[in-house]
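My notes follow in the order I took them.

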Amino acid sequence: MPSPIIRIDNITKTYGPLTVLDGLSMDVMPGEKLALIGPSGSGKTTILRILMTLEKIAAGHIEVDGEQLYHMRKGDSLVAADEKHLQKMRTKIGMVFQHFNLFPHKCVLDNITLAPMLTKGVAKAAAEARAMKLLDMVGMADKAQSMPAQLSGGQKQRVAIARALALSPKIMLFDEVTSALDPELVEEVLNVMRRLAAETDMTMLLVTHEMGFAHDFADRVLFFDKGRIVEEGRPEDIFRNPRQERTQTFLRKII
Ligand code: ADP
């Protein structure tokens, strides 16, 4: 039995007086495709942002790929991670955001090559060759020289996926990646994600309101409410036969 690639152990996250996650624990196995569902404000995005080290936690521990995320070993004790450790850990994880977050003044190709060149010291030619492969995979090779403002939302999001893949992360996080798109552009992004899920052994965590997609994509679905996992299971069980009242009510409203 392999060990989990992500271990979240009893973490607490607060924003001022608001406790968003309260003693949350969960494990993710290597290669697992996980969907996080639940009402707005239940803490799903916060979990992804914490894994991406974009937020601090108030208590608890997280292990990613066998190493502490927010801590590091010093002799026998665990101390807060320094920037160098955080940077190393960040290369293990790629994230795609709801609002793309492309660099507006860089062309598509530069958006993708920047991080590998700056954080991993990859040479320009090698970074560009890999970027073109990734752009080809997301069907955007012909837009390599375009600026983000010249692209549709669906195209921007496909570039953002290629950019996240450029550092060859073991884990990909997708945060509501289709919710800012016009309905007719949703499918082209979901198709890229379907292919990624089928063709790679990357671990993927997806926050979504697209229940049909969550059903097809995920090996396991976690239903969150108020910062806690209320129910989890295989998609066919959660969507067809939810056991908890709160899951039933949520799914009745959304489907
Ligand atoms: P979800 O993704 O399930 O909709 P979030 O993780 O985005 O939920 O948010 C969880 C809670 O944390 C919400 O109540 C939200 O208002 C609050 N929150 C998120 N980010 C911040 C922030 N930067 N400052 C204060 N509160 C925040």
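In what order do the strands of the open sheet of four run? I read β2-β1-β4-β5, with antiparallel pairing. I count two strands as paired if DSSP finds at least two bridges between them. Helices (H or I, at least four residues) and strands (E, at least two) are DSSP runs, numbered from the N terminus.

Ground rules next. I number residues from 1 along each chain as its sequence is written. The model is predicted, so local features need pLDDT of at least 70 and side-chain atom pairs pLDDT 80 or more, while totals for chains, interfaces and linings use all residues.

I checked its edges: β2 and β5 (67-68) each pair on one side only. Strand β1 (residues 6-15) meets β4 (residues 59-64) in the antiparallel sense over five bridges. I found threonine 12 bridged to alanine 59 in β4.

**Whole chain.** I listed nine helices and 12 strands. The radius of gyration, taken over C-alpha atoms, is 19 Å. The C-alpha trace spans about 50 × 50 × 40 Å along its principal axes. I call a residue buried if 20 or more other C-beta atoms lie within 10 Å of its own, exposed if 12 or fewer, and partly exposed in between, with C-beta atoms placed from the backbone. Buried residues make up 37% of the 255. I then looked at contacts (C-beta atoms, placed from the backbone, within 7 Å). Of those with a separation of 6 or more, 64% join residues 24 or more positions apart.

**Strand β10.** Leucine 34 has leucine 205 as its bridge partner in β10. β9 (residues 171-175) also pairs with β10 in the parallel sense, over five bridges. There, methionine 172 stands opposite methionine 204. I followed the chain from β9 through helix α6 (residues 183-199) to β10 and noted a right-handed β-α-β crossover. Right-handed means that, with the strands pointing away from the viewer, the path from the first strand over the helix to the second runs clockwise.

**Threonine 200.** I placed it in the loop between α6 and β10. Threonine 200 is exposed, with 12 other C-beta atoms within 10 Å. Its C-alpha atom is 11 Å from that of methionine 172, 28 residues apart along the chain.

**Helix α1.** Six of its eight residues are buried, so α1 is largely enclosed by the rest of the structure. Lys44 and Thr46 are among them. Threonine 53, which follows α1, has a positive phi, near 60°.

Definitions and conventions
The radius of gyration is taken over C-alpha atoms; the globule rule is 2.2 Å times the number of residues to the power 0.38. Two residues are in contact if their C-beta atoms, placed from the backbone, lie within 7 Å.
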